[in-house]
Amino acid sequence: MIITEQMLNRALGAYLGFACGDALGATVEFMSPKQIQNCYGVHRDIIGGGWLALEAGQITDDTQMSLALGAAIVDHQGWNVQAVADNFVNWLESDPPDVGNTCRRGIVRYRDDGELYGLPRDDDAGNGACMRNLPVVLATLNRPDCFETWSLEQCRITHHNPLSDAATLALGRMVNRLIHGEGMDACRQEAERLIAQYRKFAYSPYPGKASGYIVDTVQTVLHHFFNTDSFEACLVATVNQGGDADTTGALVGMLAGARYGLEGIPERWLAALDSEIASRIRRQTEELLRVGIANL
Ligand code: MN
Ligand code: MN
């Protein structure tokens with residue numbers, strides 16, 4: 001497989017777009033649209049704050065867990081689910097600003113019992129596995145079979161639920177097809193396939209809920225992704241929905257970054273992003289794409 005400049009550009013757009021969405025959305029995480037309006041009018045700048053009292057440009061668990069997953073793939077030049085789980089343990093023990101409950105439960109189970117996967121659970125339908133899967137997409141751009149296996153294995157370290165699985169695969173396939181230069185029709189096909197599988201993901205008319213429940217998250221992301229025409233408009237509309245705004249922001253930033261490319265991301269957001277995180281993302285993106293070539 002040859003990685004073209006354009007593909008690298010869209011891959012960088014996806015990963016940096018993801019981090020921008022995390023940093024932008026974290027300010028208004030767990031707020032209602034009304035509260036956001038009262039506080040900020042329209043929230044459109046990376047200013048930090050929020051319930052985690054972040055510095056401007058700081059990212060949260062969404063980006064940290066993605067980097068931890070990506071580092072395991074790069075270090076092993078391929079797939080080693082135990083290395084992924086070990087990196088999650090190290091991350092949990094690094095005293096991160098926030099950890100989702102389901103993520104914590106799964107990582108602690110692995111740490112204490114060595115069990116890589118939990119049993120299927122209805123209450124594992126949060127967005128915590130879906131939110132961190134971008135590194136798998138980048139490392140498997142031309143290997144659809146590996147994409148599914150690696151995705152589901154990393155998901156089930158913490159989330160073992162068919163809705164979480166289906167959403168993770170659907171969003172990942174959209175990013176894959178965008179990076180390959182396919183347009184929005186390809187994304188619509190993937191969305192329709194997901195909805196055909198589970199009707200509850202239907203996002204039109206948009207129900208307006210933006211919680212961490214994977215169905216609410218996916219509806220919010222898809223509604224705004226398909227109904228805006230720039231990276232900035234897409235992220236601003238999404239995070240002003242509040243709720244799990246850093247995660248909806250990150251996921252929609254991933255899709256919009258793959259769609260509009262690196263140059264679609266506002267300069268002021270890239271400049272605001274924690275510079276150490278931004279350079280780790282740039283480096284890891286190139287390394288993940290190389291893993292994909294090396295293992296063909
Ligand atoms: Mn977060
Ligand atoms: Mn979140």
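Me: Before anything else, what does buried mean here?
Reply: A residue is buried when its relative accessible area is under 20%, exposed when it is over 50%, and partly exposed in between. The model is predicted.

Me: Fine. Is D244 buried or exposed?
Reply: D244 counts as buried, because its relative accessibility is 9%, and the limit is under 20%.

Me: What about E29, buried or exposed?
Reply: E29 is buried, with a relative accessible area of 6%.

Me: Which residues hold the manganese ion (ligand 1)?
Reply: Its protein donors are T60 (OG1), D61 (OD), D62 (OD) and D246 (OD), lying 2.0 to 2.3 Å from the manganese ion (ligand 1). Along the chain they follow the spacing T-D-D-x183-D.

Me: What does that site tie together?
Reply: D62 lies in helix α3 and D246 in helix α12, so the pair connects parts that are 184 residues apart in sequence. Both D62 and D246 are buried.

Me: D246 turned up in both lists. Which ions does D246 bridge, and how far apart do they lie?
Reply: D246 bridges the manganese ion (ligand 2) and the manganese ion (ligand 1), and the two ions lie 3.5 Å apart.

Me: Changing topic. How many helices and strands does the chain have?
Reply: There are 14 helices and zero strands. From the N terminus on, the elements run α-α-α-α-α-α-α-α-α-α-α-α-α-α. The radius of gyration is 17 Å, close to the 19 Å that the globule rule gives for 296 residues, so the chain is as compact as a globular protein of that length.

Me: What does the C-alpha trace span?
Reply: About 45 × 40 × 40 Å along its principal axes.

Me: How much of the chain is buried?
Reply: Of its 296 residues, 60% count as buried. The accessible surface comes to about 11600 Å², and carbon and sulfur atoms account for 48% of that.

Me: And what share of the contacts join residues at least 24 apart?
Reply: That share is 72%, taken among contacts between residues at least 6 apart in sequence.

Me: How many charged side chains, positive and negative?
Reply: The chain has 24 positive and 37 negative side chains. The centres of the two sets lie 5 Å apart.

Me: Now the backbone. Which residues does a cis peptide bond join?
Reply: S204 and P205, with omega at about 0°. P205 is in the loop between α9 (184-197) and α10 (214-226).

Me: What is phi for F30?
Reply: Phi of F30 is near 70°, a positive value in a residue other than glycine. F30 lies in the loop between α1 and α2, and this residue is exposed, with a relative accessible area of 54%.

Me: And Q77, where is that?
Reply: Q77 is in the loop between α3 (61-76) and α4 (81-92). Its phi is positive too, at about 45°, although Q77 is not a glycine. Q77 is partly exposed, at a relative accessible area of 39%.

Notes:
Residues are numbered from 1 along each chain as its sequence is written. Chains are lettered from A and ligands numbered from 1 in the order in which they are written. This is a predicted model: local features need pLDDT of at least 70, side-chain atom pairs count only at pLDDT 80 or more; totals for chains, interfaces and linings use all residues. Side-chain values use heavy atoms; hydrogens and water are left out. Helices (H or I, at least four residues) and strands (E, at least two) are DSSP runs, numbered from the N terminus. The radius of gyration is taken over C-alpha atoms; the globule rule is 2.2 Å times the number of residues to the power 0.38. Buried means under 20% relative accessible area, exposed over 50%, partly exposed in between (1.4 Å probe, protein chains only). Contact means heavy atoms within 4.5 Å. Accessible areas come from the Shrake-Rupley method with a 1.4 Å probe; for residues, only the protein chains shown count as cover. Lys and Arg count as positive and Asp and Glu as negative; His and the chain ends are not counted. The place of a charge is taken as NZ of Lys, CZ of Arg, CG of Asp or CD of Glu. Donors are N, O and S atoms within 2.8 Å of the metal (3.2 Å for Na, K and Ca); water is not among the atoms, so sites may look incomplete.
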